[in-house]
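Biologist: Hi! Could you walk me through this one?
Modeller: Happy to, here it comes.

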Amino acid sequence: MTRPIRATIDRAALRHNFGVARRHAGVGAGPSQADAPPVGGSESGLRARGAIKSARLWSVVKANAYGHGLERAVAALADVTDGFALIELERAVRLRAAGLELPILMLEGFYAAEELPLFIEHRLTPVLHRLDQIHTLLAAGWPATLPVYLKLDTGMHRLGLDAAGLAAAMAALAGKVPDITLMTHFADADGPRGVAWQLERFATLTAGMDLPRSLSNSAALLRFPDLVTNDWARPGIMLYGGSPFPELISAAELDLQPVMTLQSEIIAVQTLAAGDSVGYGCAFTADRTMRIGVVACGYADGYPRHAPTGTPVLVDGIRTRTLGRVSMDKLCVDLTELPAKVGVGGTATLWGRAGETVLPADEVATAAGTISYELFCALAARVSVLD
Ligand SMILES: Cc1ncc(COP(=O)(O)O)c(C=O)c1O
């Protein structure tokens, strides 16, 4: 017998969501701004560089494809995407060893000079974000035929070159590495500040440089498809069916389908009398007679421990709620209003699809004060993942 918890990955949904990204990446062909989620920001007048055209797409598959399984996601998308973007060098090498020919973008570049022979051998495109990396790269004999990305800091203040760094980088690369894409990352594409302020800085920094650009994450792609011209966009969460703005617009409203379904079973049923508590800390106390189900899923499976009483869950496809504290291997759900036949062996869907009913990971994440990204990435290694 194996423990009943499992995650199921719907490759067709992944491909569907990629198709949504593709639709939004056609600049001028996507929904108008009137269709964009009402999250504020003032982007008028920032229709950037040139003619109507489509962006190519890096499918972001870092962190084991946001917990969905790198090889699985790559297999599902390889014939539709234009490239894959990730962070982990050993995984990129694994993709090349498995025969992947598409471009691979390394979003944090390289960390030490010793990695560069692997970058060269496997044709991995580094994102260079510090000037010293450019000197290291050139000293390592970077071939003129291989592309690089230069990341510019336009306000996120994590990684990226400033104006002086960019000028020095361009001077150092001149005549040696011609294939340069200019990249930045948006800090608040899903929030009230939007992207205009960063686009302005980007335009100032890159004035006079006629080079390809890579700008948009999922939020920017969905929200500003006709205002942010990208040569290469970098959608991540939307591919996995998460809304970048779940409190304003749902994944379903964005035509995104859930890719990961996390399910387990009820392994015990308890009847509580009024005044009885359940779980650690006696954090939930019944105020009447209640039936509760004990589900084989806990924080050691990746379910958020901080999910409070009331977090939504489906039991045999019927929506109900969690009760009390999530423990390492178990959590409790309210069966009081469910049909009496729902009991041991019943299916608990923690997020994802149960037949026709969907419990968006976004809803669980919101209840737990986090984001679907974190739920997906936290899926524990002990959970079997099925197709
Ligand atoms: C540099 C970069 N580009 C793109 C993405 C994809 O972002 P999202 O998953 O919000 O679409 C990420 C994710 O964090 C990132 O770090």
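This is a predicted model: local features need pLDDT of at least 70, side-chain atom pairs count only at pLDDT 80 or more; totals for chains, interfaces and linings use all residues.

Biologist: Which residues of helix 3 are buried?
Modeller: In helix 3 (residues 70-77), the buried ones are Leu-70, Ala-73, Val-74, Ala-76 and Leu-77. Residues are numbered from 1 along each chain as its sequence is written.

Biologist: And what covers those buried residues of helix 3?
Modeller: The cover includes helix 1 (11-24), strand 2 (56-60), helix 2 (62-66), strand 3 (83-86) and helix 4 (89-97).

Biologist: Switching topic, what surrounds the ligand?
Modeller: Val-60, Leu-107, His-185, Asn-217, Ser-218, Ala-219, Arg-234, Pro-235, Gly-236, Ile-237 and Pro-244 do, each with its C-beta atom, placed from the backbone, within 6 Å of the ligand.

Biologist: What about domains?
Modeller: The domain assignment, automatic or from a database, gives domain 1 (11-240) and domain 2 (260-386). Their C-alpha centres lie 37 Å apart. Seven residues from domain 1 and seven residues from domain 2 make the contact, meaning C-beta atoms, placed from the backbone, within 7 Å.

Biologist: Who does Val-333 touch, beyond four places in sequence?
Modeller: Its contacts there are Ile-292, Gly-293, Val-295, Val-313, Val-315, Thr-320, Arg-321, Thr-322, Leu-323 and Ala-348.

Key: A residue is buried if 20 or more other C-beta atoms lie within 10 Å of its own, exposed if 12 or fewer, and partly exposed in between; C-beta atoms are placed from the backbone. Helices (H or I, at least four residues) and strands (E, at least two) are DSSP runs, numbered from the N terminus. Two residues are in contact if their C-beta atoms, placed from the backbone, lie within 7 Å.
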